[in-house]
Amino acid sequence: MWGTFAFHGSASLLSVLWLIPIVVVLITATRSFDDIASHGLGSMPHSFTLGGFRSAWTDGGQQQALINSLLVTIPTVLVSLLLASMAAFALSRYDVPFRRALLLLMLSGNLLPPQILLIPVSKLSEKLGLYDSLYALIGVQVGFGVGFYVFVLHGFMRSIPAEIQQAAVIDGAGPWQIYTRIILPLARPALAALTALSFTWIFNDLLWAITVLRTGSKMPITASLLGLQGQYVSQWNVIAAGSVIAAAPTVIVFLRFQRHFVAGLNLGAVK
């Protein structure tokens with residue numbers, strides 16, 4: 001009983017400590033600048049306004065930045081998981097030559113620190129004529145994400161019983177039908193977990209955005225948030241509102257895929 005009480009007490013304390021910064025940001029975003037300037041940032045709120053959100057959305061350029069982030073994130077997630085699922089299907093269900101070497105090569109690419117590749121990626125995007133375009137950012141995100149997704153999906157697809165595929169072959173199903181009608185539905189928990197993770201990683205990325213993009217109107221939400229902090233140096237309500245806007249899409253996606261995400265983790269742990 002005492003162990004259970006200590007566990008729940010510690011978990012509750014950690015939850016409160018984790019929620020305090022979020023609550024402070026939300027309260028700051030809904031306060032007026034005059035209220036913060038008069039009573040201080042850490043004082044109790046004496047006003048409620050959504051003016052900070054309007055300033056961040058229109059004057060701060062968060063609207064266009066959010067559109068840019070979605071234009072990069074959604075195609076990148078779809079293309080990356082499509083390519084990764086096809087590669088993982090081939091490597092896990094068929095005797096592909098140098099299969100282990102290919103998997104190790106894909107995994108080793110994720111072990112390289114991205115900082116050492118900033119200049120080569122920037123120069124390569126210039127040579128290809130893609131510099132300062134959203135296509136360059138999509139290509140970079142796909143290239144650096146596919147290897148990890150293949151490694152995860154390979155382990156999941158490999159655990160699917162071979163008898164299922166053999167029965168489909170006996171019924172006359174080809175590789176494409178096996179992939180689309182059998183393997184993908186069974187791998188839905190893993191795909192949902194990777195969708196939530198990849199959306200969060202890509203949407204919150206800052207490093208590659210400032211590496212291959214130059215024009216302010218093409219910057220995603222994270223880079224735009226840096227500009228917002230420089231534009232509204234002392235207006236903490238506008239900066240907090242911009243942070244809330246930047247965090248909202250990832251929270252929505254995670255809540256949407258939370259059930260599948262937990263299911264994917266449990267299945268991976270059991271298998």
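Predicted model: local features only at pLDDT ≥ 70, side-chain atom pairs only at ≥ 80, totals over all residues.
Okay, helices first. Two packed helices are described by the angle between their axes and the distance between the axes. Take helix H4, which covers residues 62–93, and helix H12, residues 221–231: they pack at an angle of about 155°, and their axes are 8 Å apart. Anything over 145 degrees counts as roughly antiparallel, so that is the label H4 and H12 get.

Which residues of H4 and H12 make the contact? On the H4 side we have Gln62, Ala65, Leu66 and Ser69. On the H12 side, look for Ile221, Ser224, Leu225 and Leu228. Sort the residues in this contact by class and you get five nonpolar, three polar and no charged ones.

Now, charges. Side chains of opposite charge can pair when their charged atoms come close. How many salt bridges does the count come to? The answer is one salt bridge. Asp35 forms a salt bridge with Arg31, and the closest N and O atoms are 3.1 Å apart. So are these two residues buried or exposed? The cut-off for buried is under 20% relative accessible area. Asp35 comes in at 4%, so Asp35 is buried. Arg31 is at 1%, so Arg31 counts as buried too.

Phe89 and Tyr179 make a tilted pair, with 5.4 Å centre to centre and 50° between the planes. Phe89 sits in helix H4 and Tyr179 in helix H9, residues 175–186, so this pair links distant parts of the chain, 90 residues apart. Both Phe89 and Tyr179 are buried.

The other pair is Phe144 with Trp208, and this one is stacked: 4.8 Å centre to centre, 25° between the planes. Phe144 lies in helix H7, residues 134–158, and Trp208 in helix H11, residues 207–212, so the pair ties together parts that are 64 residues apart in sequence. As for accessibility, Phe144 is partly exposed, with a relative accessible area of 31%, whereas Trp208 has 5% and counts as buried.

Last stop, back to Phe89.

How values were computed
Residues numbered from 1 in each chain as written. Heavy atoms only, no water. Axes fitted to C-alpha atoms, helices over the stretch in contact; angles between N-to-C directions. Helix = DSSP H or I, 4+ residues; strand = E, 2+ residues; numbered from the N terminus. Parallel < 35°, antiparallel > 145°, perpendicular 65-115°, else oblique. Contact = heavy atoms within 4.5 Å. Nonpolar A, V, L, I, M, F, W, Y, C, P; charged D, E, K, R; others polar. Salt bridge = Lys/Arg side-chain N within 4 Å of Asp/Glu carboxyl O. Buried < 20%, exposed > 50% of the residue type's maximum accessible area, 1.4 Å probe, protein only. Phe/Tyr/Trp six-rings, centres within 6.5 Å; stacked < 30°, edge-to-face > 60°.
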